[in-house]
Amino acid sequence: MSMNKMFKKVLAVVAAGAMTMGMAMPTFAADNGKTTEAWITKTYNTEVGKAETFSFTATQNTEGTGLVKTAASVTIPDISFTTDQTETTKQRAKVNFPTYTEAGKYEYTVTETKADPTITDVKHQKMIMSKAVYTMDVYVSNAGNGFEISNIIVNKKQDDEGTVETGKVDISNTDKNGFNFTNTYVQE
């Protein structure tokens with residue numbers, strides 16, 4: 001094979017690769033892995049169909065280095081289950097963010113706070129509450145005409161048993177969501 005033919009074949013392969021990368025890169029670069037909304041998942045295990053409502057709290061941390069000190073409350077809607085939802089049932093709720101008035105990093109500790117109604121007959125029934133803890137970092141930037149969320153990152157700090165666990169979790173409104181609290185109701 002002559003050098004000229006080999007050069008043309010190599011050039012064709014390089015050109016095809018460059019075109020392939022050129023088509024894929026804009027899509028990848030546009031997304032950039034940024035998330036501007038967060039969803040929380042509640043997993044409820046029960047065999048007897050016990051209606052419950054679960055509540056969550058997002059407590060703002062202002063003491064860390066580089067964190068915005070201005071108060072900005074995040075709310076998470078309660079998630080409720082009915083008596084006809086048995087076995088393992090999951091529901092998601094969208095986290096509600098305030099109108100931010102300052103750019104920077106906001107940090108929140110997210111926990112489950114209660115189940116309603118509370119279980120009082122501990123001899124014959126028990127609610128195993130989630131001890132999971134997450135840190136939610138919300139990055140806010142100045143968009144010219146106001147402030148907007150530019151990215152949200154949630155990291156797990158403790159699992160449902162309260163054991164230390166670390167790592168970034170998926171916060172999308174999909175079945176891949178890992179921003180999850182699991183509770184189990186048992187009755188004898």
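The side chains of N183 and K42 are joined by a polar contact of 2.3 Å. A polar contact is a pair of N or O atoms within 3.5 Å; within protein, one must be able to donate a hydrogen and the other to accept it, and residues adjacent in sequence count only if both atoms are side-chain atoms. The model is predicted: local features need pLDDT of at least 70, side-chain atom pairs count only at pLDDT 80 or more, and totals for chains, interfaces and linings use all residues. Residues are numbered from 1 along each chain as its sequence is written, and side-chain values use heavy atoms, with hydrogens and water left out.

N183 is found in strand β10. Strands (E, at least two residues) and helices (H or I, at least four) are DSSP runs, numbered from the N terminus. N183 counts as buried because its relative accessibility is 0%. Buried means under 20% relative accessible area, exposed over 50%, and partly exposed in between, with a 1.4 Å probe and protein chains only. The N183 side chain also reaches the backbone nitrogen of S130, at 3.3 Å. Contacts (heavy atoms within 4.5 Å) of N183, leaving aside its neighbours within four places in sequence, are K42, T43, Y44, N45, F54, E112, M127, I128, M129 and S130. One of these residues, M127, is 56 residues from N183 along the chain. The C-alpha atoms of N183 and M127 are separated by 7.0 Å.

Strand β10 (residues 180-187) pairs with strand β1 (residues 39-46) through six bridges. Strands β1 and β10 run parallel. Two strands pair if DSSP finds at least two bridges between them. T43 stands opposite T182 of β10. Strand β6 (residues 125-128) is joined to β10 by four bridges, and these two strands run antiparallel. Here K126 has V186 of β10 as its bridge partner. In a regular strand, side chains alternate between the two faces of the sheet.

The largest nonpolar core has 34 residues. Such a core is a set of buried Ala, Val, Leu, Ile, Met, Phe, Trp, Tyr and Cys residues joined through side-chain atoms within 4.5 Å. The residues with the most contacts inside this core are I40, Y100, Y108, V110, M136, V138 and F179. Two or more residues each come from β1, β2 (52-61), β3 (79-81), β5 (104-116), β7 (133-142), β8 (147-158) and β10. Leaving aside its neighbours within four places in sequence, V110 is in contact with I40, T57, A58, I76, A132, V133, Y134, M136, F179 and F181.

The structure holds five salt bridges. A salt bridge is a side-chain nitrogen of Lys or Arg within 4 Å of a carboxyl oxygen of Asp or Glu. Side chains of opposite charge can pair when their charged atoms come close. One of the salt bridges joins K94 and E37, with the closest N and O atoms 3.2 Å apart. K94 lies in strand β4 (residues 87-94) and E37 in the loop between α1 (3-31) and β1, so the pair ties together parts that are 57 residues apart in sequence. K94 is partly exposed, at 37% relative accessible area. E37 is partly exposed too, at 34%.

R92 forms a salt bridge with D175, the closest N and O atoms being 3.8 Å apart. This pair links distant parts of the chain, 83 residues apart: R92 is in strand β4, and D175 is in the loop between β9 (164-168) and β10. R92 is partly exposed, with a relative accessible area of 31%. D175 is exposed, at 73%.

K105 and D137 meet through their side chains in a salt bridge of 3.9 Å, N to O. K105 lies in strand β5 and D137 in strand β7, so parts that are 32 residues apart in sequence are tied together. K105 is partly exposed, at 25% relative accessible area, whereas D137 is buried, at 8%.

Two features concern the backbone. Most residues other than glycine have a negative phi, and most peptide bonds are trans. The peptide bond from D116 to P117 is cis, with omega near 5 degrees. P117 lies in the loop between β5 and β6. E87, in strand β4, has a positive phi, near 65 degrees.

Mean pLDDT (the predictor's confidence in each residue, from 0 to 100) is 86 for the protein, and 82% of its residues reach 70 or more. Over residues 18-31 the pLDDT is below 50. This stretch has zero contacts in the model beyond near neighbours in sequence.
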